[in-house]
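This report describes one protein chain for a reader who is new to structural work. Please consult the sequence and the structure shown below while reading.

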Amino acid sequence: MIIKPKIRGFICTTAHPAGCAAHVNRQIDYIKDSTAIQGAKKVLVIGASTGYGLASRIAASFGMGADTIGVSFERPASEGRTASAGWYNTVAFERAARAAGYIAESINGDAFSHEMKQETLKLVKEKLGKVDLIVYSVASPRRTHPDTGETFNSVLKPIGQPFTNKTVNTNTGVVSEITLEPATQEEIENTITVMGGEDWSLWLKALEEADLLADGVTTLAYSYIGPEITEAIYRKGTIGQAKNDLEATAHTLTKQLERYHGKAYVSVNKALVTQSSSAIPVVPLYISLLFKVMKEKGLHEGCIEQAQRLFEKLYSGSTVETDEEGRIRLDNWEMREDVQEAVKAAWSEITTENVSERGDLEQYRLDFLQLFGFGFDEIDYELDVDPEVHTH
């Protein structure tokens, strides 16, 4: 079939297999051109198919020479429909990693379930033995609790009072005001259940019980803090409560990992165009202004540059530099005073008329399309392609 992007709101319902492979290969090339790191060798990535999880997996194999197992929940191609981007990314990564001589195995299913954990443990035991790095990068809007079978949905809402601010329709470029009503207590609790640290903790418990943690093991999860502009909807909103829970979990896990001389970290990453961030009101407008400022200052990074910088921080010295809360700060360039002052100045003046000139909407749109394998110059999108791709 000839595959073109079909965008509905903040979701693209199609994905291009060759384009997704190009996206993965570009990230692999970036890592190959970077300095090799002496780090982890047996890596489990939970949430491995897009964004930071995928970048971590690429940087682990091609930057540290690690064998990996990736867990994700993606959709294969079916009658007249393409697979999801994460499905194509995983196939492309596996092909490249195996061709380079690394073990690369993937499991597709619900990472929140006990069955999926057991299936993964079996594969880890068989293919990797003990793991020395576990990356937890699950981004899901809902979670079915493995013990009760109850399904919880997360919400992106402020807490306490309504929040009004500017937002942009990234398809049309129209800047408007949006008001978001505050979350109920139940919505806050449900968001923590979905996006907090409980499942990360359950994965570590399962790996420990199966005796699959190596001495010196490290585990990582990803978070975001962001500026004042997005604070009410992000860090002080429902998702921020879930991130607080995730960060508290890191401290608990570090205590549990003491017997392995291990450590759990939360890495606070920079704002990027991902399938998750595009769903958050206000954030895409902030990102398009931020990109312009950071590009002008030579500070712009994508997921893969961040993953490489993270592993350099983790494995290049005897101590890992953290903030007073024990978090690794990869958002340090984004949060630099001069960067934030410039974004704030642009924010106060932004309108539909000047958004293209004050912000970098073009880059935002391109990054968004590239998440789904579109917008790559080296791909001929008029060609007939088979949407069904598999590694085995």
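## The annotated domain

The end C-alpha atoms of residues 81–315 lie 42 Å apart, and this span is 43% helix and 20% strand. Helices (H or I, at least four residues) and strands (E, at least two) are DSSP runs, numbered from the N terminus. According to the unreviewed UniProt entry, the annotation "domain: Trans-2-enoyl-CoA reductase catalytic" covers residues 81–315. UniProt positions are given in the numbering used here, feature names are shortened, and annotations may be inferred rather than shown by experiment.

This is a predicted model, in which local features need pLDDT of at least 70 and side-chain atom pairs count only at pLDDT 80 or more, while totals for chains, interfaces and linings use all residues. Residues are numbered from 1 along each chain as its sequence is written, and side-chain values use heavy atoms, with hydrogens and water left out.

## The annotated active site

The unreviewed UniProt entry lists Tyr234 for "active site". Tyr234 is placed in the loop between helix H7 (228–231) and helix H8 (238–256). Its relative accessible area is 7%, so Tyr234 is buried. Buried means under 20% relative accessible area, exposed over 50%, and partly exposed in between (1.4 Å probe, protein chains only).

## The second largest pocket

The second largest pocket holds about 520 Å³ of space. Of the 23 residues that line this pocket, the closest to its centre are His23, Gly302, Cys303, Asp367 and Gln370. On a 1 Å grid over the protein atoms alone, a pocket is an open set of points where a 1.4 Å probe fits, with protein on both sides within 12 Å along at least five of seven lines; lining residues have an atom within 4 Å of a point. Grid points are joined across faces, edges and corners, and a volume is the space filled by probe spheres set on the points.

Helix H1 (17–32), helix H2 (51–64), helix H10 (303–315) and helix H13 (361–371) each supply at least two residues of the lining. The largest share, five residues, comes from H13. Among the buried residues of H13 are Asp367 and Gln370. Just after H13, Gly373 takes a positive phi of about 85 degrees.

## Aromatic rings

The model has seven aromatic pairs. Rings of Phe, Tyr and Trp (its six-membered ring) pair if their centres lie within 6.5 Å; planes under 30 degrees apart count as stacked, over 60 as edge-to-face and the rest as tilted. Phe62 and Tyr102 form an edge-to-face pair, with 5.7 Å centre to centre and 85 degrees between the planes. This pair links distant parts of the chain, 40 residues apart: Phe62 belongs to helix H2, and Tyr102 to the loop between helix H3 (85–99) and strand S5 (104–108). Phe62 counts as buried at 11% relative accessibility, whereas Tyr102 counts as partly exposed at 22%. Ring pairs link Phe62, Phe93 and Tyr102 into a cluster.

How are the rings of Phe311 and Tyr315 arranged? Their centres are 6.3 Å apart and their planes stand at 55 degrees, so the pair is tilted. Because Phe311 and Tyr315 are four residues apart in helix H10, about one helical turn separates them. Phe311 counts as buried at 0% relative accessibility, while Tyr315 counts as partly exposed at 21%.
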